[in-house]
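Keep the picture at hand as you read.

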Amino acid sequence: MNPICTLRASETRDLPAICAIYGHHVLHGLASFEVEAPDVEEMARRREHVLALGLPYLVAESGGRVVGYAYAALYRTRPAYRYTLEDSIYIDRDHAGKGIGRILLQALIAGCEGAGYRQMIAVIGDSANFASIQLHAVCGFKHVGLLPATGFKFGRWVDSVLMQRPLGEGAGSPPKHAPEADPR
């Protein structure tokens, strides 16, 4: 057991806490480029979509309270991207900087590797989001790009930082269930 928090698969009962954590980041931060916080029903719809794909959606608990969550989603929907995921991690503002994000991200990576995915992309809002950039670097992500001024929030232009890490064998071999070569 981890002394900081306990990880588990998210449940429907976690949605109000997940919604509150995300809502704070939407309304007060640049990690998300949304400008209006989604309601519990919308967050439930998004969670169900992730789970329907068989992807992990995790929560971290401390003192019986959800203090963070993380999930992986398809990076893009076109078929050639089917082995590449994008991660999302949000921590309750009162629990930031305690190592919960690292615990969540490491578990998320392990779950996605076990499912046979080969790449994970982090799309980080704000090039000054040093905490998220450092978290991803510590977990094996490399900086692969910067998209300057791709968002406009709180009266200013905001960059997107792209980081990537291999999962499992990465690009070292074809995926386990790769279809035959495309004749086109």
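The sections below look at one helix, the nonpolar core and one aspartate.

## A helix and its cover

Keep in mind that this is a predicted model. Start with helix α1, which covers residues 15-28.

Which residues of α1 are buried? They are Leu-15, Ile-18, Cys-19, Ile-21, Tyr-22, Gly-23, His-25 and Val-26. The cover over these buried residues includes α2 (40-52), along with the strands β2 (57-62), β3 (65-74), β4 (84-91) and β6 (142-153).

## The nonpolar core

The largest nonpolar core holds 41 residues, and among those with the most contacts inside it are Met-43, Tyr-69, Leu-104 and Phe-141. Two or more residues come from each of α1, α2, β2, β3, β4, α3 (100-114), β5 (119-125) and β7 (156-166). The largest share, 7 residues, is given by α3.

Now zoom in on Phe-141. Setting aside residues up to four places away in sequence, Phe-141 touches several others, including Leu-105, Ile-109, Met-120, His-136 and Met-163.

## A buried aspartate

Asp-126 sits in the loop between β5 and α4 (130-138). Is this residue buried or exposed? Its relative accessibility is 11%, so Asp-126 counts as buried, the cut-off being under 20%.

The side chain of Asp-126 makes a polar contact, at 3.4 Å, with the side chain of Arg-156. Beyond four places in sequence, Asp-126 is also in contact with residues including Leu-30, Phe-33, Ile-133 and Val-158.

Definitions and conventions. Residues numbered from 1 in each chain as written. Predicted model: local features only at pLDDT ≥ 70, side-chain atom pairs only at ≥ 80, totals over all residues. Heavy atoms only, no water. Helix = DSSP H or I, 4+ residues; strand = E, 2+ residues; numbered from the N terminus. Expected span 1.5 Å × (residues − 1). Buried < 20%, exposed > 50% of the residue type's maximum accessible area, 1.4 Å probe, protein only. Contact = heavy atoms within 4.5 Å. Core = buried A, V, L, I, M, F, W, Y, C linked by side-chain atoms within 4.5 Å. Polar contact = N/O pair within 3.5 Å; in protein donor to acceptor, adjacent residues only side chain to side chain.
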